Amino acid sequence: MSKPNQFIGTWRLISCEIRDSEGQVSYPFGEDALGFLIYTDDGYMSGTLTRANRPHFAAGDILGGTLEEQAMATQTYLAYCGRYEIQDNKVIHHVETSLFPNWVGVDQARFFEFKEGKLVLSTPPILASGKESVGYLIWEHV
């Protein structure tokens, strides 16, 4: 009998930080970042991260906005989705759509640990703000 998939369900972000190779800690979406991570039992996932209290566009046009408004919206939000699979201590996200176009068609591996009822994910080293860094995200089950 296979063990149940602990990933399935909706997770709310508790913490998102990046630690660079020099040990500096930053919060790319602020210390009060918001986010959700959803894993389905049929093998799909979707994740979003955002800065809290993002500024509204002056006009209410969903396809409009100034270049500055659009740039700020992009810089303060990340989303991607696709299929996922679990391999040993990693969950592999097979990215099918992403706000960051470089991730489309690319696998995103995350090391995982379930600790005190929370899901702790960390990235392999990634390039963030020009430095090699590791992302650490803590999620709670909704």
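A residue counts as buried when its relative accessible area is under 20%. In this predicted model, Cys 16 has a relative accessible area of 8% and is therefore buried. Cys 81, at 26% relative accessibility, is partly exposed, because that class lies between the 20% limit and the 50% above which a residue is exposed. A search of the whole structure returned zero disulfides. Cys 16 takes part in none, and the nearest cysteine sulfur to its own belongs to Cys 81, 18 Å away. A disulfide requires two cysteine sulfur atoms within 2.5 Å, so the 18 Å between the sulfur of Cys 81 and that of Cys 16 is too far for a bond.

The largest nonpolar core was examined next. This core holds 21 residues, of which Leu 37, Tyr 39, Leu 49, Leu 119, Leu 121 and Trp 139 touch the most other members. At least two core residues come from each of strands E1 (9-20), E3 (34-39), E4 (44-50), E5, E6 (90-98), E8 and E10 (131-141). The contacts of Leu 37, leaving out residues up to four places away in sequence, include Leu 119, Leu 121 and Trp 139. Leu 37 also touches Gly 9, Thr 10 and Trp 11, as well as Met 45, Ser 46 and Gly 47.

Ser 122 lies in strand E8, which spans residues 118-122. With a relative accessible area of 16%, Ser 122 is buried, since the value falls under the 20% limit. Beyond four places in sequence, Ser 122 is in contact with Ala 109, Arg 110 and Phe 111, and with Val 134, Gly 135 and Tyr 136.

Asp 20 belongs to strand E1 and is likewise classed as buried, at 12% relative accessibility. The side chain of Asp 20 reaches the backbone nitrogen of Glu 22 at 2.8 Å. Apart from residues up to four places away in sequence, Asp 20 touches Lys 131, Glu 132 and Ser 133.

A polar atom of the Asn 5 side chain lies 2.9 Å from the backbone nitrogen of Phe 7. Asn 5 counts as partly exposed, with 29% relative accessibility. When residues up to four places away in sequence are set aside, Asn 5 touches Tyr 84 and Ile 86. Asn 5 and Ile 86 are separated by 81 residues in sequence, and their C-alpha atoms are 9.2 Å apart.

Arg 83 is located in strand E5 (residues 77-87) and is partly exposed, at 36% relative accessibility. The side chains of Arg 83 and Tyr 44 form a polar contact at 3.4 Å. This distance qualifies because the cut-off for such a pair of N or O atoms is 3.5 Å. Excluding neighbours within four places in sequence, Arg 83 is in contact with Asp 42, Gly 43, Tyr 44 and Met 45, and also with Ile 92, His 93, His 94 and Glu 96. Arg 83 and Tyr 39 are 44 residues apart in sequence, with a C-alpha to C-alpha distance of 9.1 Å.

Two residues other than glycine were noted for positive phi values. Asn 53 has a phi near 55° and sits in the loop between E4 and helix H1 (67-75). Glu 116 has a phi near 50° and is placed in the loop between strand E7 (107-115) and E8. Asn 53 is exposed, at 74% relative accessibility, and Glu 116 is exposed as well, with a relative accessible area of 75%.

The largest pocket contains about 910 Å³ of space. Its lining is made up of 41 residues, and those closest to its centre are Ile 18, Phe 29, Leu 78, Trp 103 and Ile 126.

Terms used:
Residues numbered from 1 in each chain as written. Predicted model: local features only at pLDDT ≥ 70, side-chain atom pairs only at ≥ 80, totals over all residues. Heavy atoms only, no water. Helix = DSSP H or I, 4+ residues; strand = E, 2+ residues; numbered from the N terminus. Buried < 20%, exposed > 50% of the residue type's maximum accessible area, 1.4 Å probe, protein only. Contact = heavy atoms within 4.5 Å. Polar contact = N/O pair within 3.5 Å; in protein donor to acceptor, adjacent residues only side chain to side chain. Core = buried A, V, L, I, M, F, W, Y, C linked by side-chain atoms within 4.5 Å. 1 Å grid on protein atoms, 1.4 Å probe; cavity = no way out; pocket = protein on both sides within 12 Å on 5 of 7 lines; lining within 4 Å. Points joined across faces, edges and corners; volume = space filled by probe spheres on them.
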